[in-house]
Amino acid sequence: MKVSFHGQSAVLIQTENHKIIIDPFITGNGSSDLDPQTLEVDVILLTHGHNDHVGDTIEIAKRNNALVVAPNELAVYFESRGLQTHPLHIGGAHDFDFGRVKLTQAFHGSAFTDEEGNVIYGGMPAGILFFAEGKTIYHAGDTGLFSDLKLIGELNDIDLAFLPIGDNFTMGPDDALIAAEWVKAKYVVPVHYNTFPLIEQDGDAFASKVKPGKGIALKPGESIDL
């Protein structure tokens, strides 16, 4: 399994038979190395409804006939836009042909503005646990520090965790270091930082302090093999 980072919170997972992207914010993301007009994926996983996470979902999904797996309200909206969707909610999981997806809590908001200027409510924000090929990936989505991160770490043997460090809208580096200890992942990658000035952080400095696992500050386009 190959897992790559593509700026802000976008993560691409390539299993033996599928390509899955989480939060495909590409257009308007100066740190992204992807092109929404050429990106090929089978599945789009969404953590919540902010524009910097929903991103290019509609264009990518329509061109690829990709399945969109999202919190219920987001899934219902995208179904109304003609996309193939599967709704989930906090604590719920489902087994797909590409792997198992479970939504976890995240403390944040969830709404975005569509191309007509309408504000679309995205339901509750979430984190994502993804299980495939004997590996477990945790994408925390946008969240502040909360104590049930300990429970997520206790109940799951997490190989790779993506944690936000940007501060202001999510956890900052100090809280994310606590979160890294609680989720106990073998590898931790910082996300949701340096996309714009308000969330500038030193990803390498964060990664150097991660314990008990190993912190890795991936540059957009870089990957980890699990």
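Predicted model: local features only at pLDDT ≥ 70, side-chain atom pairs only at ≥ 80, totals over all residues.
I take helices (H or I, at least four residues) and strands (E, at least two) as DSSP runs, numbered from the N terminus. Residues are numbered from 1 along each chain as its sequence is written, and side-chain values use heavy atoms, with hydrogens and water left out.

**Entry on Lys62.** I located Lys62 in helix H2 (residues 57–64). Leaving aside residues up to four places away in sequence, I found that Lys62 touches Arg81 and Leu83, where contact means heavy atoms within 4.5 Å. I also looked up Gln84, which is 22 residues from Lys62 along the chain, and the two C-alpha atoms are separated by 8.7 Å.

**Entry on strand E13.** I noted that 5 of the 5 residues of E13 (residues 160–164) are buried, so the strand is largely enclosed by the rest of the structure; buried means under 20% relative accessible area, with a 1.4 Å probe and protein chains only. Leu160, Phe162 and Pro164 point one way from E13, whereas Ala161 and Leu163 point the other way. In a regular strand the side chains alternate between the two faces of the sheet.

**Entry on the neighbours of E13.** I counted strands as paired if DSSP finds at least two bridges between them. Strand E12 (residues 135–139) runs parallel to E13 and is joined to it by 3 bridges, with Ile137 opposite Leu160. On the partner E14 (residues 187–191), also parallel, I found 5 bridges to E13, and Ala161 stands opposite Val188 there.

Conventions. Buried < 20%, exposed > 50% of the residue type's maximum accessible area, 1.4 Å probe, protein only.
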